[in-house]
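Colleague: I am new to this structure and would like to learn how to read it. Please take me through a few features in turn.

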Amino acid sequence: MKLNPVTAIDGYKVDHRRQYPDNTEVIFSNLTARNTRRAYTEQMVFFGLQYFVKSFLIKSWNEDFFQQPKEEVIRRFSRRINNYLGPNNVGTEHIADLHDLGYLPIKIMALPEGSVYPLKVPCMVIFNTDERFFWLTNYLETILSTSVWGMCTSATTANEYKKILTAYALQTDGSSEFVNWQGHDFSFRGMFGAEAAAMSGAAHLLSFTGTDTIPAIDFLEDYYNANSDLELVGGSVAATEHSVMCAGGMENELETFRRLIQDIYPSGIVSIVSDSWDFWQVMTDFTVKLKAQILARDGKVVFRPDTGCPVKMICGDEDAEKESPEYKGAIECLWDVFGGTFSQTGYKVLDPHVGLIYGDSITIERAKAICEGLKAKGFATTNVVFGIGSYTYQYVTRDTDGFAVKATFAKISGEDREIFKAPKTGDGSKNSAKGLVAVFKNEQGNFYLKDQASWGEVNDCEFIEVFENGKLLCDVSLAEIRARLAAAL
C-alpha cells in the first residue's frame with residue numbers, strides 16, 4: 001500500500017488545527033512508554049525512529065507530497081477529506097502553505113537508538129519549527145506511534161531473552177559466545193504483514209544474529225547502514241520442514257534422515273524436523289542407528305521437535321515413567337547416545353556433532369524454565385536453541401508498554417503554557433509530564449526525566465538531534481546500536 005502522507009492520520013486529527021487556541025505558535029510533544037503489562041519489563045529499548053524518519057518523513061513526504069504538483073496534492077486531499085467527513089470547513093490553505101514551504105517544519109530530538117531506559121522516561125520529543133505549522137506536531141502522532149512503538153517493544157522483548165540466555169550461559173557454559181545464535185527469529189509467517197515482520201525482525205537482530213526473517217536483513221541495510229558483505233547482520237542454517245520429512249513416507253523416515261546427513265548435507269549444520277510421527281523413536285532409535293554417520297560428519301545435526309510442552313520435551317517430565325525418554329527429555333537422550341564434555345563451570349555440553357532447537361510456543365517464561373530445568377539436570381543451557389515466533393512478537397499491542405505521544409507544552413500568543421493530563425478517573429498511569437521535558441543521566445548512568453524544563457535543558461540533555469526541517473541529522477548504524485545495547489546488558 002502506498003500512503004498519502006498528508007492523510008496518513010487518525011481521522012479525528014483532520015481539523016485539530018482549528019481547535020487549538022487562536023494564535024497557537026508551538027506544540028511540543030514526547031513519546032513515552034508509560035507503564036507495562038509485563039512483569040519483567042522495567043526498562044525499554046529505543047529503536048525504530050531512524051526508519052520512521054527515512055521512510056516516512058523524508059521519502060514519503062518528498063516523493064508523494066512536496067515533489068507532486070500542488071494542484072494534484074490539494075485535489076487528493078480535498079477528495080479524501082470531503083468524501084470522509086462530508087462537505088466541511090477544514091479547508092486546504094494550510095496544506096497549500098505547507099507544500100509551498102517545501103519541507104516539514106518539524107524538529108525531533110531523541111535518545112540514541114539502542115539506549116536502554118526506564119519506563120515513564122520519554123525516548124523522544126517532537127515540535128514545530130515554524131509557527132504557522134503548530135498543528136503539524138500532533139498531526140504526525142498516529143504515523144509516528146504506529147511506526148515506532150512495535151519496534152521498541154520487539155527490541156525490548158529480544159533484549160530480555162538475551163539477558164536471560166546470557167546469564168544462564170555464563171553460569172552453565174562459562175561463555176556467552178553462543179548466545180547470539182541461541183535466539184532465532186521464527187516469527188515471519190505469524191506477523192501482521194511483511195512490513196511488520198521486517199520491522200520486528202530487525203529489532204530481534206539487535207540482540208541476536210539468528211533469523212528466518214530474511215527481509216529483516218534488507219530492512220537493516222536500507223535504513224540502518226548495515227552491510228551483510230562486511231558484517232554478520234543475520235544468518236541461519238540449512239533446515240527441513242514437515243512437508244519434506246513427510247513426503248518420504250513414515251516407513252522411510254530413517255532413510256530420509258540418512259539421505260539428509262550423508263548425501264545432501266555431508267558437512268555443515270543441518271536442522272531436521274524430528275517429530276512428524278514419533279520424536280522419541282528418533283531420539284532413542286534413529287540416533288543410535290545414525291550415530292556413526294553423524295559423528296563422521298564435519299558439522300552438526302540439529303534435531304527439531306515442534307510439539308508437546310517445550311519444558312518437558314527438552315528437560316524431561318517427572319510424571320512420566322521412570323527412565324523413559326519422556327522422563328529424561330531430549331537433551332539427556334542425546335547425551336546418552338552421543339555423550340560430550342563438561343564446561344569450565346562443570347555442566348554437560350553435548351558432543352558438537354549434535355544439538356537441538358525448539359521453535360514452538362516459546363515465551364520468556366518458558367525460556368527461563370527450560371534454562372532452569374537444564375541447569376538443575378547438570379546441562380549447559382547452550383545445548384538448545386530457541387525459535388522465537390509470533391506468539392512472542394505479535395502477541396502485543398501499543399498498550400503492552402503503554403506507548404503514547406502526548407503534548408506537554410504549547411506557546412500561545414507569545415506565552416509559554418504547560419500542558420498536562422491527570423484524569424481523576426484513572427489510576428495515574430495516564431498522567432503526563434508537564435511542560436518541556438528533558439532526559440538526563442544520574443551518577444549511576446541511569447536515565448531520568450526532568451519535566452517543567454527550560455529550552456536550554458532540552459537542548460543540553462541526553463537527547464540528540466535527529467531530524468529538522470526535512471533533513472536527517474544523525475545517521476546511526478546497526479553496529480553502533482548493537483554495541484550500545486550490548487554495553488547495557
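Modeller: What follows covers a sheet, a strand pair, a cavity and some single residues. Keep in mind that this is a predicted model.

Colleague: Let us begin with the open sheet. In what order do the seven strands stand, and is the pairing parallel or antiparallel?

Modeller: The order across the open sheet is β7-β6-β14-β13-β10-β9-β8, and the pairing is parallel. The edges are held by β7 (210-211) and β8 (238-239); each has a single partner strand, so one side of each is left without a neighbour in the sheet.

Colleague: How many bridges pair β6 with β14?

Modeller: Strand β6, residues 183-185, pairs with strand β14, residues 384-388, over three bridges in the parallel sense. In that pairing Asp185 stands opposite Ile388 of β14.

Colleague: Now take β15. How many of its residues are buried?

Modeller: A residue is called buried when its relative accessible area is under 20%. Strand β15, residues 403-412, has eight of its 10 residues buried, so the strand is largely enclosed by the rest of the structure.

Colleague: Which strands does β15 pair with?

Modeller: One partner is strand β1 (residues 24-33), joined to β15 in the antiparallel sense over nine bridges. Within that pairing, Asn30 has Lys406 as its bridge partner in β15. Another partner is strand β16 (residues 415-418), which runs antiparallel to β15 and is joined to it by four bridges. There Ala410 stands opposite Arg417 in β16.

Colleague: What is found between the strands in the hairpin of β15 and β16?

Modeller: Two residues lie between the strands of that hairpin, and Ser413 takes a positive phi near 55°.

Colleague: How does one look for empty space inside a model?

Modeller: Rolling a probe the size of a water molecule over the atoms shows where empty space is left. Here the count comes to one cavity of 30 Å³ or more. The volume of the largest cavity is about 50 Å³.

Colleague: Which residues line the largest cavity?

Modeller: The lining consists of Lys13, Val14, His16, Arg17, Tyr20, Trp135, Asn138 and Tyr139. Helices α1 (16-19) and α5 (136-139) each supply at least two residues of this lining. Sorted by class, the lining has four nonpolar, two polar and two charged residues.

Colleague: Next, single residues. Where is Asp306 found, and what does it touch?

Modeller: Asp306 is found in the loop between β10 (301-304) and α14 (310-315). With a relative accessible area of 12%, Asp306 is buried. The side chains of Asp306 and Arg304 are joined by a polar contact of 2.8 Å. Not counting residues up to four places away in sequence, Asp306 touches His242, Asp275, Tyr358, Gly359 and Asp360.

Colleague: Is Cys474, also in a loop, buried or partly exposed?

Modeller: Cys474 is partly exposed, at a relative accessible area of 25%. The loop that holds Cys474 lies between β20 (471-472) and α20 (478-487). Not counting residues up to four places away in sequence, Cys474 touches Gln50, Ile464, Glu465 and Val466.

Colleague: And what can be said of Ser55, in helix α2?

Modeller: Helix α2 spans residues 49-66. Ser55 is buried, with a relative accessible area of 16%. A polar atom of the Ser55 side chain lies 2.7 Å from the backbone oxygen of Tyr51. Leaving aside neighbours within four places in sequence, Ser55 is in contact with Ser60 and Tyr223.

Key
Residues are numbered from 1 along each chain as its sequence is written. This is a predicted model: local features need pLDDT of at least 70, side-chain atom pairs count only at pLDDT 80 or more; totals for chains, interfaces and linings use all residues. Side-chain values use heavy atoms; hydrogens and water are left out. Two strands pair if DSSP finds at least two bridges between them. On a 1 Å grid over the protein atoms alone, a cavity is a set of points where a 1.4 Å probe fits but cannot get out, and a pocket is an open set with protein on both sides within 12 Å along at least five of seven lines; lining residues have an atom within 4 Å of a point. Grid points are joined across faces, edges and corners, and a volume is the space filled by probe spheres set on the points. Ala, Val, Leu, Ile, Met, Phe, Trp, Tyr, Cys and Pro count as nonpolar, Asp, Glu, Lys and Arg as charged, and the others, Gly among them, as polar. Buried means under 20% relative accessible area, exposed over 50%, partly exposed in between (1.4 Å probe, protein chains only). A polar contact is a pair of N or O atoms within 3.5 Å; within protein, one must be able to donate a hydrogen and the other to accept it, and residues adjacent in sequence count only if both atoms are side-chain atoms. Contact means heavy atoms within 4.5 Å.
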